[in-house]
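These are my notebook entries on a single protein chain. I record below what I looked up in the structure, entry by entry.

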Amino acid sequence: MRRLGRLAAGLATATVLVVTASGCVTVHGELEVVPGATESEAAKALEDFTVAYNKADKAYDPTLDEDRVTGSLGAINQAGLAARQKNSPEGNAQHQPLELTDASYVIPKKAGWPRWFLADTDSNRDQDGGKQDTRWLLAFVRTGPDALWKASYLAVASSAEVPKFREDADGWAQPVPSEDTDAVLATPPADLSTAYTDYLRDGTPDVFAPGSMTSGWREARKNTRKAGFSYQYVDQALDSGSFAPLGLTTEDGGALVFFSSKHFERQTAAQGLRPTVTKDVQALLTGEVKSTLTKERVSSQLVYVPKKGAGSAEGRVRVLNRLPGLVAAQGS
C-alpha cells in the first residue's frame, strides 16, 4: 500500500487536471453580506454553460467549454472530452443537444468571494414522470468580480430528494460555512471529504447511512475477484480551492452539501497476464501497461447532512448522488 500511495501522489502531481486555489480568496474590503447573484445573472450563467457544453460535446473539444467548468465537474468533463477527442477526432456523431429547462435558482447571501448559487433544472436526459424523472442540480461558482461563472458540481436527484432550503425574508438562501464553527451539523462540510475517504478505507468514521455509495461500495471492493489479478484502492480527500465543499441550510436545520474526492484503483496481474486496457483508459494512459494498471478518478458527491443531535439513524449523512469520472491512468 505504501508503493501505491507514492504512485497516487505522483499521479496527483503529474496530472494536468489538478486545479490550484487561485481566485478563491476573499477580496480585501468585500465584507458586506450580499446575494451571490441576481436571478437574471444566474439564468445567463446556466445558458452560457449549456451552450458551451453542447459545442464541446459535439466537437469532442475540451477547449470549447474549459472556461465554463471548474472543480470536480471541470476535471471530469475535461478529461472525458480529451479521451473522446483522441478516440473520435472527427467529433461526436451521436451528439444530442443538452437542454436544461424549468430552472429555479437557490442563491445564498454571503460576504466576499467566491460567490455561488444552485440551479435546479429539468434535463432532457431522463423520462418525464414516474421513477425515472430526475432533476439536474448544478452549482455555479464565481471567484471574483471580473471572473466568469463556472459550473463546479453536478448531481442528479429525484424531486423528492431535493429538500426545501432555509430562506430569509427576501428569499435569499443561507449558505453553510465550510468549517461550521458553531457545530450545528452532524458532520461539518469541511470534514466530509476526509470522512468519506477514511470510511471507504477503514469503515470509520461511521457517519454515513448504508447504501450503494457507502457500505455497498466497500463490500463491492472487498468482493472484487478475477483469477490471476489483485486489486488495491487508495482514496484521497479533495477539499480545497475549486474543489471546496458547497452547502446550503435546509428548513429542518440540516444541509444539502456538494463535496469532492479522489480515488485510485490499481490492478496487478500475475506473471503471464496483463490488465485489460479499454479505449477510454488508453486515451488517458501514461506509461506502458505490463503487469499493473492504475486508474485515477475524481468524484463529486451530493449529500444530506442532518443537524447535530439527531438520533443514531437520522443523524447519519445520506449520499444522494455520486458522479465519478476517470481523469488519468498509469501503466507499469
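**Entry 1. Cis peptide bonds**

I located Pro-114 in the loop between strand E3 (109-110) and E4. The peptide bond that joins Trp-113 to Pro-114 is cis, with omega near 0°. I then found a cis bond from Thr-204 to Pro-205, again with omega near 0°. Pro-205 lies in the loop between H4 and helix H5 (215-222). For the element names I use DSSP runs numbered from the N terminus, helices being H or I of at least four residues and strands E of at least two.

I note that the model is predicted: local features need pLDDT of at least 70 and side-chain atom pairs pLDDT 80 or more, while totals for chains, interfaces and linings use all residues. Residues are numbered from 1 along each chain as its sequence is written, and side-chain values use heavy atoms, with hydrogens and water left out.

**Entry 2. Helix H2**

I looked up H2, which covers residues 39-59 and has 21 residues. H2 spans 31 Å from its first C-alpha to its last, close to the 30 Å expected, where the expected span is 1.5 Å times one less than the number of residues.

Which residues of H2 are buried? I listed Ala-42, Ala-45, Leu-46, Asp-48, Phe-49, Thr-50, Ala-52, Asn-54, Ala-56 and Asp-57. Buried here means under 20% relative accessible area, exposed means over 50%, and partly exposed lies in between (1.4 Å probe, protein chains only). The buried residues of H2 pack against helix H3 (71-87) and against strands E2 (100-106), E4 (115-123), E5 (135-142) and E6 (150-157); a contact is counted when heavy atoms lie within 4.5 Å.

**Entry 3. Positive phi values**

Tyr-60 follows H2 and sits in the loop between H2 and H3. Its phi is near 50°, a positive value in a residue other than glycine. Tyr-60 counts as buried because its relative accessibility is 13%.

Asp-102 also has a phi near 50°, a positive value in a residue other than glycine. Asp-102 lies in strand E2, and at 56% relative accessibility it counts as exposed.

**Entry 4. Aromatic pairs**

I applied a ring rule in which rings of Phe, Tyr and Trp (its six-membered ring) pair if their centres lie within 6.5 Å; planes under 30 degrees apart count as stacked, over 60 as edge-to-face and the rest as tilted. The count comes to 10 aromatic pairs.

Tyr-153 and Phe-258 form a stacked pair, 5.2 Å centre to centre with 25° between the planes. Here Tyr-153 lies in strand E6 and Phe-258 in strand E9 (residues 255-269), 105 residues apart. Tyr-153 is buried at 1% relative accessibility, and Phe-258 is buried at 3%.

Which residues do ring pairs link into a cluster? I noted Phe-49, Tyr-53, Tyr-105, Phe-117, Phe-140 and Trp-149.

Is Asp-280 buried or partly exposed? Asp-280, in helix H6 (residues 279-283), is partly exposed because its relative accessible area is 46%. The C-alpha atoms of Asp-280 and Lys-86 are separated by 8.9 Å, although the two residues are 194 apart along the chain. Leaving aside neighbours within four places in sequence, I found Asp-280 in contact with Ala-83, Asn-87 and Leu-326.

Thr-187 lies in the loop between E6 and helix H4 (189-202) and is buried, with a relative accessible area of 7%. Not counting residues up to four places away in sequence, Thr-187 touches Leu-192, Val-207, Val-305 and Val-317.

Thr-249 lies in strand E8 (residues 246-249) and is buried, with a relative accessible area of 7%. Leaving aside neighbours within four places in sequence, its contacts include Phe-165, Arg-166, Gln-174 and Pro-175.
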